[in-house]
Protein chains: 2
Amino acid sequence: MPAPASPFTLSTEPLATGPRRGRLALAHGVVETPVFMPVGTQGTVKTMTPHELEDVGAEIILANTYHLLLRPGPEAVRALGGLHRFMGWSRPILTDSGGYQVLSLADRVTLSDRGVRFRSHLDGSAVDLDPERALDVQVALGSDVMMLLDVCPPFPSSPKTLLSAVERTQAWAVRSRAHLARERDAAERELGLAFAIVQGGTDSALRRRAAAALVELDFPGYAHGGLMVGEAKNETFALVAATNEVLPVDRPRYLMGVGAPDDLVRAVGLGVDMFDCVLPTRNARNGTVFTRRGKVVIKNAEWKGDGGPLDPDCGCYTCRHFSRAYLRHLFHAGEILGPRLATLHSLAFYLELMREIRESIAAGRFATMSRDFLAGYEAGEAARSREAKGGAARAGLGRDQGQEGEGV
Amino acid sequence: MPAPASPFTLSTEPLATGPRRGRLALAHGVVETPVFMPVGTQGTVKTMTPHELEDVGAEIILANTYHLLLRPGPEAVRALGGLHRFMGWSRPILTDSGGYQVLSLADRVTLSDRGVRFRSHLDGSAVDLDPERALDVQVALGSDVMMLLDVCPPFPSSPKTLLSAVERTQAWAVRSRAHLARERDAAERELGLAFAIVQGGTDSALRRRAAAALVELDFPGYAHGGLMVGEAKNETFALVAATNEVLPVDRPRYLMGVGAPDDLVRAVGLGVDMFDCVLPTRNARNGTVFTRRGKVVIKNAEWKGDGGPLDPDCGCYTCRHFSRAYLRHLFHAGEILGPRLATLHSLAFYLELMREIRESIAAGRFATMSRDFLAGYEAGEAARSREAKGGAARAGLGRDQGQEGEGV
């Protein structure tokens with residue numbers, strides 16, 4: 001039983017390692033790519049209503065299978081009409097497989113060829129997750145794009161660990177494909193798309209072999225997993241480009257857990273179509289927002305009497321109505337409206353950046369757009385770094401990046 | 001120098017101790033009374049944007065002088081264009097005097113005839129507040145309705161303490177009136193209205209004497225202070241009615257820090273025009289919302305699979321889009337969206353109730369409206385009490401009521 005034809009279409013030249021403008025047709029709507037997916041770990045993009053997400057232009061969000069599996073549970077969500085209805089979000093949802101969070105959040109994890117057994121970080125109860133169950137949970141949630149269960153090794157890992165992770169990920173992809181075909185026949189309807197995940201750590205040849213093996217199984221999309229977890233960024237981008245050479249040009253490529261605004265621009269230039277990251281939302285809750293001129297730390301004393309907006313180039317609700325001084329006050333006073341307004345701004349900024357990226361690709365001027373954006377952003381970041389006394393703030397920011405979901 | 005004529009007009013019979021339909025014309029707009037004022041302690045009604053407040057029908061909000069005095073400070077707010085501009089709220093603001101919070105929140109409070117000296121609960125710094133300074137701070141904030149500094153004694157207090165509090169409050173009212181006249185002349189413009197506060201604890205005769213003495217000074221509005229802080233509710237209402245007999249019928253009466261929905265309905269029937277209370281907002285953040293059928297505790301297991309809205313009779317954003325099961329999930333998961341949606345509902349419910357009250361008074365059918373509402377609300381509360389195992393939940397709710405502001 002072949003997987004269904006890819007619902008992904010490119011409107012620009014199908015470059016293997018260059019910028020691409022595409023559309024991904026999903027059960028709950030069409031997603032314009034390159035796309036950034038805000039992270040809604042527990043069935044909510046933290047602090048935001050679904051209508052605010054629509055207002056800032058989110059076309060698809062990510063939800064974490066691990067968290068929803070533990071609470072409220074997939075059957076509870078299914079009984080209430082699926083995740084879309086449960087959370088009041090009518091546009092597409094991509095769900096991860098839960099594997100990454102099991103390894104990073106759960107207790108007493110036992111990994112075997114069969115799957116993974118762990119203890120819930122909430123109540124200590126034993127939970128089994130295997131490739132089949134991971135898909136069943138995502139089907140129960142009503143996901144538009146499901147991710148196959150994979151093995152994401154820690155960074156750094158030995159060659160033996162990396163190889164083992166790739167082999168298990170491949171074996172699980174075979175099982176996943178067979179399980180999905182059975183479920184689709186049993187349900188007598190199409191299910192969400194299922195994307196496979198390329199592992200291999202920082203071993204470029206291994207990642208390419210892993211990608212080639214997955215491509216043999218013919219999935220409608222492929223993800224780069226286990227990257228930007230500690231390796232140098234130049235290495236990340238080299239690994240993405242090398243793997244993209246192996247992936248089919250006519251399928252979406254999803255770089256999981258990435259990244260900062262400059263990372264997105266760079267990765268688009270290497271042929272990536274989809275992103276998710278907790279950076280805009282988590283950093284916002286901690287009082288750091290993204291702007292065209294780099295990050296702004298809201299609590300800083302320099303904003304105390306500043307009546308201007310967070311980002312003079314931004315037209316979001318926060319920037320139209322509130323000053324840096326007021327936002328600083330909200331954060332110092334511990335008011336929920338602070339994280340709300342900061343999150344709204346940073347997501348609006350990310351999604352506006354993605355719109356600009358898409359427009360520039362369509363107009364054949366991505367190279368210029370990319371160069372101009374990176375120059376402005378990096379100049380701002382450099383100025384901020386010079387001003388910052390000591391490295392504590394930067395260390396804190398660096399720690400935030402990753403695929404680990406939003407936490408609780 | 002006489003105080004300006006009251007900008008308060010009644011469109012129904014000017015009853016001393018019965019329901020009244022009025023309009024209070026303030027610098028930032030007209031307020032329809034009876035009115036409920038959501039509490040925005042630190043320059044934000046917790047979790048809400050000013051535009052959401054407008055959407056649920058808030059016409060005036062309360063801000064706490066004590067909190068804003070300490071952070072960000074009145075001069076900072078004035079430099080940024082005043083509190084309205086600072087927080088993005090264009091409708092009227094009533095500010096309290098700070099006195100109540102000094103006595104309940106500050107450290108090392110020393111009360112004298114001159115004023116009150118205390119240590120900030122934030123950083124321990126020494127702060128002086130006296131009747132003149134309390135008004136200066138409120139003028140700096142740009143308040144539409146200022147409250148005079150008063151002495152609010154704890155409950156219960158000895159007759160001697162109550163008498164001393166009333167005498168000081170009266171002496172400070174005299175000073176306040178003189179100070180305001182000087183400031184108005186110096187500024188060569190009208191300032192916000194200034195309301196005086198009646199104290200006297202549960203001594204009805206003392207409260208009436210205190211009210212009569214304040215009325216001699218001719219203020220544009222009067223407040224009942226220091227009530228519903230521990231005395232029986234029937235006693236509260238009796239004290240309010242007895243004092244309202246003494247207050248001029250053509251001035252607004254404000255019952256500070258009250259209350260639950262049934263309290264509002266009862267007090268309106270006794271001639272109260274204005275209310276503020278943290279109950280709808282604070283309880284909502286703790287997961288208890290108000291409905292026409294009494295309170296709903298969102299975390300309760302009974303809502304686990306409940307796809308219905310919080311309040312079937314409510315048309316607010318929360319009730320239109322989200323189920324009890326989803327709200328329960330948000331609270332169990334510790335998600336900020338839970339307090340947001342719960343706050344929005346409870347404020348919408350309070351403000352809709354006030355609209356119904358106003359309409360029923362105008363139509364001459366308040367008695368019927370009041371009876372029907374109280375019957376439904378109290379039946380719901382009675383059913384909830386029977387179902388609740390043990391008294392912990394009720395004890396927790398009882399503690400929430402009061403004038404102490406929203407906390408940090």
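# Two chains, question by question

Reader: How many bridges join strand β15 (residues 288-291) of chain A to strand β16 (residues 294-297) of chain A?
Author: These two strands run antiparallel. Strands (E, at least two residues) and helices (H or I, at least four residues) are DSSP runs, numbered from the N terminus. Two strands pair if DSSP finds at least two bridges between them. For β15(A) and β16(A), the number of bridges is 4.

Reader: What kind of model is this, and how are its parts numbered?
Author: It is a predicted model: local features need pLDDT of at least 70 and side-chain atom pairs count only at pLDDT 80 or more, while totals for chains, interfaces and linings use all residues. Chains are lettered from A and ligands numbered from 1 in the order in which they are written, and residues are numbered along each chain as its sequence is written, from 1.

Reader: In β16(A), which residue is the bridge partner of T291(A)?
Author: β15(A) and β16(A) form a hairpin, with 2 residues between them. Across it, T291(A) has as its bridge partner G294(A).

Reader: Which strands stand at the edges of the open sheet in chain B?
Author: The sheet has 3 strands in the order β7-β8-β9, with antiparallel pairing. An edge strand has a single partner, so one of its sides is left without a neighbour in the sheet. The edge strands of chain B are β7 (107-111) and β9 (126-129).

Reader: Is helix α7 (residues 159-187) of chain B roughly parallel or antiparallel to helix α8 (residues 204-217) of chain B?
Author: Their axes are 10 Å apart and meet at an angle of about 10 degrees. Axes are lines fitted to C-alpha atoms, for helices over the stretch in contact, and angles run from 0 to 180 degrees between N-to-C directions. Under 35 degrees counts as roughly parallel, over 145 as roughly antiparallel, 65 to 115 as roughly perpendicular and the rest as oblique. That makes α7(B) and α8(B) roughly parallel.

Reader: How many nonpolar residues are in the contact of α7(B) with α8(B)?
Author: Among the residues that meet are L162(B) and V166(B) in α7(B), and L206(B) and A210(B) in α8(B). Ala, Val, Leu, Ile, Met, Phe, Trp, Tyr, Cys and Pro count as nonpolar, Asp, Glu, Lys and Arg as charged, and the others, Gly among them, as polar. The contact has 1 charged residue and 2 polar ones, and the nonpolar residues number 10.

Reader: How many residues of helix α13 (residues 324-332) of chain B are buried?
Author: Buried means that 20 or more other C-beta atoms lie within 10 Å of a residue's own; exposed means 12 or fewer, partly exposed is in between, and C-beta atoms are placed from the backbone. Y326(B) and F331(B) are among the buried ones. α13(B) is largely enclosed by the rest of the structure, because the buried residues number 8 of the 9.

Reader: Which element gives the most to the side of chain B that touches chain A?
Author: Two residues are in contact if their C-beta atoms, placed from the backbone, lie within 7 Å. By that rule, 31 residues of chain B are in contact with 31 residues of chain A. α3 (74-79), α4 (83-87), α13 and α14 of chain B each give two or more residues. With 5 residues, the element that gives the most is α13(B).
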